[in-house]
Amino acid sequence: MKAVLVSEPGGPDVLSLGEVADPVPAAGEVLLDVAATAVNRADLLQRAGHYPPPPGASPILGLECSGRIAALGSAVSGWQVGDEVCALLSGGGYAERVCVPAVQLMRVPAGLDLISAAALPEVACTVWSMVLDRAPAAALLPGESFLVHGGSSGIGTMAIQLAAAQGCRVFTTAGTAEKLAACRELGAEVAINYRDADFAAVIREHTGGAGVDVVLDTIGAKYLPANLDALATGGRIAVIGLLGGSTGSLNLASLMGKRATVFAATLRARPPEQKAAIVTGTEAHVWPLIEAGRVRPVVHEVLALAQAGQAHRIVEDSGHIGKLVLATG
């Protein structure tokens, strides 16, 4: 089968389409004929040699895909060959075929095509597991106020829509007028240009000094102090990315005074049983909103699998709104 290969750690030019052996499903797995995959910043980190796959995962890039079931491993029930699905992966999505634990499959939402469905698993499962599921420490409750950084990213476009769908007041940051407009169209009440405004000050102004209840942060260390400044008493910060660094300072007195929580997690390295619970919750709670037309995957562009390097350049340059999708056909 064809797959995108990394010749050596480096820039987008190290990606090329090559031939590898077809994977074989183990017990509890299914084999998918991949229709499409989507680009995540974790793929860029892995390509550069900074984010190795977890033990046992495919070394091929790609943390999500859509496709049709081609074969069932032993001990798989509830699925049939030919079923159209999308899946959360630990790796292997940039290929014509991939094996995935059956517990990490989700049906394609009604009314959605397979190509668009490839843009769903990572963003929907991340937002659900980090701020919408009631279990996490940063759970966002209906009617609360919410800030998501990078509102025009794949995560951001999904988080804005899901928070707005449950009646939350949504704030977001982005870096261009076009991206700010896109965020407002998706449901953000206040979209802040982080290049020329103090987002914490803007949020305090719009909340009468109260701040927001939950922050979903893809930046990390660089934004810790300002996130805390923007946070309401009893608020929660959920950190899911480190674009702004991994080591920073935090005023613990302010954190204690606000009775606030900082919560951080990744999705890729979680064990299958945790991913199974996440995909089950995501399909149960997010898919109905998609099928009702209240939430949609935002796809910036669909490129061929052989154009993975070009897609990586677009994401690296932040020249996109939503997700970059790579189609195998």
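**Entry 1: the second largest pocket**

I started with the lining of the second largest pocket, and I found that strand 6 gives the largest share, five residues. I am working on a predicted model, and I keep that in mind throughout.

Next I looked up the volume of this pocket. The second largest pocket holds about 440 Å³. I then asked which residues lie closest to its centre. They are Gly56, Ala57, Ser58, Ser90 and Cys99, out of 28 lining residues.

Which elements give two or more residues to the lining? I noted strand 6 (97-101) and helix 9 (272-285).

I also sorted the lining by residue type. I got 16 nonpolar residues, six polar ones and six charged ones.

**Entry 2: the whole chain**

I stepped back to the protein chain. I listed eleven helices and 15 strands.

Along the principal axes, the box is roughly 60 × 40 × 35 Å.

How much of the chain is buried? I read off 53% of the 329 residues, where buried means under 20% relative accessible area.

The chain exposes about 13200 Å², and 54% of that comes from carbon and sulfur atoms.

Technical notes
Residues numbered from 1 in each chain as written. Predicted model: local features only at pLDDT ≥ 70, side-chain atom pairs only at ≥ 80, totals over all residues. Heavy atoms only, no water. 1 Å grid on protein atoms, 1.4 Å probe; cavity = no way out; pocket = protein on both sides within 12 Å on 5 of 7 lines; lining within 4 Å. Points joined across faces, edges and corners; volume = space filled by probe spheres on them. Helix = DSSP H or I, 4+ residues; strand = E, 2+ residues; numbered from the N terminus. Nonpolar A, V, L, I, M, F, W, Y, C, P; charged D, E, K, R; others polar. Buried < 20%, exposed > 50% of the residue type's maximum accessible area, 1.4 Å probe, protein only. Areas by Shrake-Rupley, 256 points an atom, 1.4 Å probe, with all protein chains shown as cover.
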